[in-house]
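Subject: Structure for you to look through

Dear colleague,

I am passing on the structure that we talked about, and below it you will find my notes on what turned up in it. Please keep the two side by side while you read.

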Amino acid sequence: MCGRNHMIGRKHANMKVTMENSAGESEITMDDVRSLIKKKDNIEEQIKAYFDVLEDQGVGIEDSLVDEEGYPRADVNLYQIRTARHSISCLQNDHKAIMVEIEQALHRLHASEKAKREKDETEAQEEAMEQQTSLPPPFALVDAVTQGSPASGAGLHVGDEVIEFGSVTAANFQNLQNIASVVQHSEGKPLRVVVIREGQKAAMSLTPQRWSGRGLLGCNIVPIHR
């Protein structure tokens, strides 16, 4: 038996079992690893303290405790030395055990983080694919936007693919006259415009109005033929 230090070893063993049993319930965290490292540091401090006891007595871990005639040495505190040696032996075993736990915990932590990254990447890809497949087909393309125009101020970009322009959608779009009609009847009124930009849906508010350039928008829109 290692007394109190043996109890420390059992606590570490119990912690290891608890961590293993709960592996399926909760992922190990960096805080768990820090806790193990703190326990390791505490064990190392105890080992050093017991080595200091031996140093104060002027003996090492294996120096003989009997004199030349075979009698117990009278120049040292035999009880302190034996207690210190015994405690060091137990604590060194605890130290080996907790180092194994730390290594296993770090391995599990890295594996968990890697799995989480892969899961997040997979979900992001699936979400992007799902969004692309669920987006309605565009019916027009913005191929020019003049700086300082209503279209520019609303955030319309060259290359935007239009899927909604006011009341015009892919379902009812026939030609550009549909858009022109909506613009003419909505001067000074905000229109909801939805586009596909770099595979993502973007919505904005565009108000047709007089400005220093031509027309009410300041952009050029062409139909997409499919």
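A residue is called buried here when its relative accessible area is under 20%, exposed when the value is over 50%, and partly exposed in between, with a 1.4 Å probe and the protein chains only. Helices (H or I, at least four residues) and strands (E, at least two) are DSSP runs, numbered from the N terminus. Please bear in mind that this is a predicted model, in which local features need pLDDT of at least 70 and side-chain atom pairs count only at pLDDT 80 or more, while totals for chains, interfaces and linings use all residues. Residues are numbered from 1 along each chain as its sequence is written, and side-chain values use heavy atoms, with hydrogens and water left out.

I would begin with helix α5 (176-184), whose buried residues are Ile179, Val182 and Val183. They cover an arc of only 100 degrees around the axis (taken from the directions from the helix axis to the C-beta atoms), which puts them on the same side of α5. The face turned away from that buried side carries the exposed residues Gln177 and Gln184. With contact meaning heavy atoms within 4.5 Å, the buried residues of α5 pack against β1, β2, β3 (168-169), β4 and β6.

Next comes the nonpolar core, a set of buried Ala, Val, Leu, Ile, Met, Phe, Trp, Tyr and Cys residues joined through side-chain atoms within 4.5 Å. The largest one has 21 residues, and among those that touch the most other members are Phe139, Leu156, Phe165 and Ile179. The elements that give two or more residues to this core are β1 (140-145), β2 (161-165), α5, β4 and β5. A second, separate core of 10 residues includes Ile47, Leu91, Ala105 and Leu109. In soluble globular proteins, nonpolar side chains tend to be buried together.

Leu156 also deserves a look: leaving aside residues up to four places away in sequence, Leu156 touches Val142, Val145, Ala151, Val193, Val195, Arg197, Met204 and Cys219.

Finally, there is Glu198, which is found in the loop between β4 (191-197) and β5 (200-206). Its phi is near 55 degrees, a positive value in a residue other than glycine, and Glu198 counts as exposed because its relative accessibility is 80%.

With best wishes
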